[in-house]
Amino acid sequence: MRIFKKIIIILILFLFCSSIYLVRGGYEMYKNALKNESLDDVIYKIKSKDNYTKITDMPKMYLKAVISVEDHRFYKHKGIDLIAVSRALISDIKEMKYVEGGSTITEQLAKNIYFSQDKNLKRKVAEAFMARHIEKNCSKNEILELYLNSMYFGSGYYTVKEASNGYFNKKPSDMNDYESVMLAGIPNAPSIYNPNVSMSLTKKRQKQVLMKMIKYKTLDKKEAEVILNN
């Protein structure tokens, strides 16, 4: 019994020390990223893109689809969604590997503009610090706008305007509901859900987005069916 208690104590100490190491390392990574380039400078560079699109020039259906499938609590949290993190942690423990991160749109923006795409726990901590920094300095709509102008849509498209032009030969404001929902699902895995790679997989992902929209009451089933049959 004493040996068991000692093992538990050792495990707790190990987890405590590991947590301190990760938090400290992530914080240093976050501070170094800001030291290399301030948030204001990064935002200026993104907004200076020729294909930058304001959120007011994007279809409401597209914005609702993005939020539903990427971060349905976007307007409720402050950069970090503890509910999503807890859910992701349970999934990771079940799989015994890092499969789900529970990242918010703000954390994804932080990753896109400051960090690598590699799955790394220290980077995840840095993302969380950066997400809080972004939330303190930007409005929710600005964060969403920056996110949609700094993510990868496949086929070499890095903004919503490039993607809508490339896939549908339309500017973002002209996308219909069918196209809006389709485009919202691509960034999850652009090499898989890219219409230029497999339209069948793109449509499968589109249905998944619609199911999320129904789940989070952004659409009802009849509205979803109308979009699919468009």
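Residues are numbered from 1 along each chain as its sequence is written. In this predicted model local features need pLDDT of at least 70, side-chain atom pairs count only at pLDDT 80 or more, and totals for chains, interfaces and linings use all residues, while side-chain values use heavy atoms, without hydrogens and water.

**Exercise 1.** State where methionine 58 lies and whether it is buried or exposed.

Solution. 
1. Methionine 58 lies in the loop between α2 (39-47) and α3 (60-70); helices are DSSP runs of H or I with at least four residues, numbered from the N terminus.
2. Its relative accessible area is 5%. Buried means under 20%, exposed over 50% and partly exposed in between, with a 1.4 Å probe and protein chains only, so methionine 58 is buried.
3. Methionine 58 touches Thr53, Leu63, Leu148, Asn149 and Val160 (heavy atoms within 4.5 Å), not counting residues up to four places away in sequence.

**Exercise 2.** Describe the lining of the largest cavity.

Solution. 
1. The lining residues are Tyr62, Val66, Glu70, Tyr147, Leu148, Met151, Leu183, Ala184 and Pro187. A cavity is a set of points on a 1 Å grid over the protein atoms alone where a 1.4 Å probe fits but cannot get out, and lining residues have an atom within 4 Å of a point.
2. Two or more residues come from each of α3, α7 (140-148) and α9 (177-185).
3. α3 gives the most, with three residues.

Key
On a 1 Å grid over the protein atoms alone, a cavity is a set of points where a 1.4 Å probe fits but cannot get out, and a pocket is an open set with protein on both sides within 12 Å along at least five of seven lines; lining residues have an atom within 4 Å of a point.
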